[in-house]
Amino acid sequence: MTGDPATRPHVPHLVHVFPSFGHGGVPIRIATVVNHFGGRYRHTILALDGALGARSRVEPGLDVRFLDPRIDKSSPVSSLFRIRRMLRDLAPDLLLTFNWGSVEWALVNSLSPVARHIHLESGFGPEEADGQIARRVRFRRLALRRIDALVVPSFTLVDIARDVWKLDGRIIRHIPNGVDCDLYGGAGDPAAVPGFGRRPGELIVGTVAPLRPEKNLRRLLRVFAKLGISQPVRLLIAGDGTERPALEAEAARLGIADRVVFAGHVEQPEKVYPLMDVFAITSDTEQMPNTLIQAMASSLPVAGVDAGDVRANLSPANRDHVVDRQDEDGLAGFLARVLEDANFRASLAAANRKHVVRTYSAEKMFSAYGALFDELLDKAVP
């Protein structure tokens, strides 16, 4: 941009603090938000663990800077002062912090505000799959008490924020995740999974997930091993992570290694979903998983367990078939039924596609985020 700097329009500066900007649902979702708004905002993205794998999802040419803040948490007091200095130096117009791993940044801005502040919570690790940790509840109450808005994608998190964290209901914003229904309504491409090819007459059960403990893909392997259907069937797991060696060992122990494809990280998941006949989700903890709505947009029936808002996110036709997390026999039974009955499979697929187009479009999500950003940018820092 040329001309007198004093006459240039101010482009609001959004600073995003992520525990990690590696491949995962939250970084990828925010990358789509950044891309959608283009030059309307400029961005600085901080990855507290230094992982920046999801930067490949941000379109080149946008005003986006990536930083590793290198905060040493072994000295809590000095780390808070370091955070304070960084926020002052970055001079955001709007601060966005994400999940438990960034809560110290929320605390610092709460104690002495540098910018208007949105905290976004999207879910929990395996340590909080069955309940909130008391000390984290207390810290969240302290750190989030003066934020301008808490954005959550699920009704489960709305309830937790209001009833457990005791936050003012007026600051809680329920913004469901959105999906590009045109992108995820296209054709598949076997080349997206190197070496993969559908064999004659076979069916594919698939999932897309980072290979982390809370996704509990061991449960999916056990359920898959229980299937006793006449048609040949394979399991396609797209994603990578620390759990991969243990999952490969578990597949071998169950005697299904030759029928499980570990695809690793896939850069274009929209090309992978159409290779599946059924999408499976077996996590211990979820709120509103991006992969679930992507699978629905890709016209897939879903075999899933009751975690977070999984049941609520599905079409009415599919949600009645969600099972308790511990009911592996029930999940295997439903999976066998949907694989063996092509008409049933097609009806659930059509219902899920129709539901996600009507309810969870990316445009609705972008509109909600843009309205919230601009609402807070119009307000002076208290």
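A residue is buried when its relative accessible area is under 20%, exposed when it is over 50%, and partly exposed in between (1.4 Å probe, protein chains only). Gln326 is exposed, because its relative accessible area is 58%. Ser298 counts as buried, because its relative accessibility is 11%.

This is a predicted model, in which local features need pLDDT of at least 70, side-chain atom pairs count only at pLDDT 80 or more, and totals for chains, interfaces and linings use all residues. Residues are numbered from 1 along each chain as its sequence is written, and side-chain values use heavy atoms, with hydrogens and water left out.

**Gln326**
- Gln326 lies in the loop between helix 10 (316-319) and helix 11. Helices (H or I, at least four residues) and strands (E, at least two) are DSSP runs, numbered from the N terminus.
- Gln326 and Glu267 are 59 residues apart along the chain, and 32 Å separates their C-alpha atoms.

**Ser298**
- Ser298 sits in the loop between helix 8 (290-297) and strand 12 (302-304).
- The Ser298 side chain reaches the backbone oxygen of Gln294 at 2.8 Å. It reaches the backbone oxygen of Tyr184 at 3.1 Å.
- Neighbours within four places in sequence aside, Ser298 is in contact (heavy atoms within 4.5 Å) with Tyr184 and Tyr273.

**The second largest pocket**
- Helix 1 gives the most, with 6 residues.

**The largest nonpolar core**
- A nonpolar core is a set of buried Ala, Val, Leu, Ile, Met, Phe, Trp, Tyr and Cys residues joined through side-chain atoms within 4.5 Å.
- The largest one has 32 residues, and Leu221, Leu235, Ile237, Val260, Leu335 and Leu339 have the most contacts inside it.
- Helix 11 (328-340) supplies the largest share of this core, 7 residues.
- Leu235 touches residues including Val205, Leu221 and Val260, not counting those up to four places away in sequence.

Methods. Polar contact = N/O pair within 3.5 Å; in protein donor to acceptor, adjacent residues only side chain to side chain.
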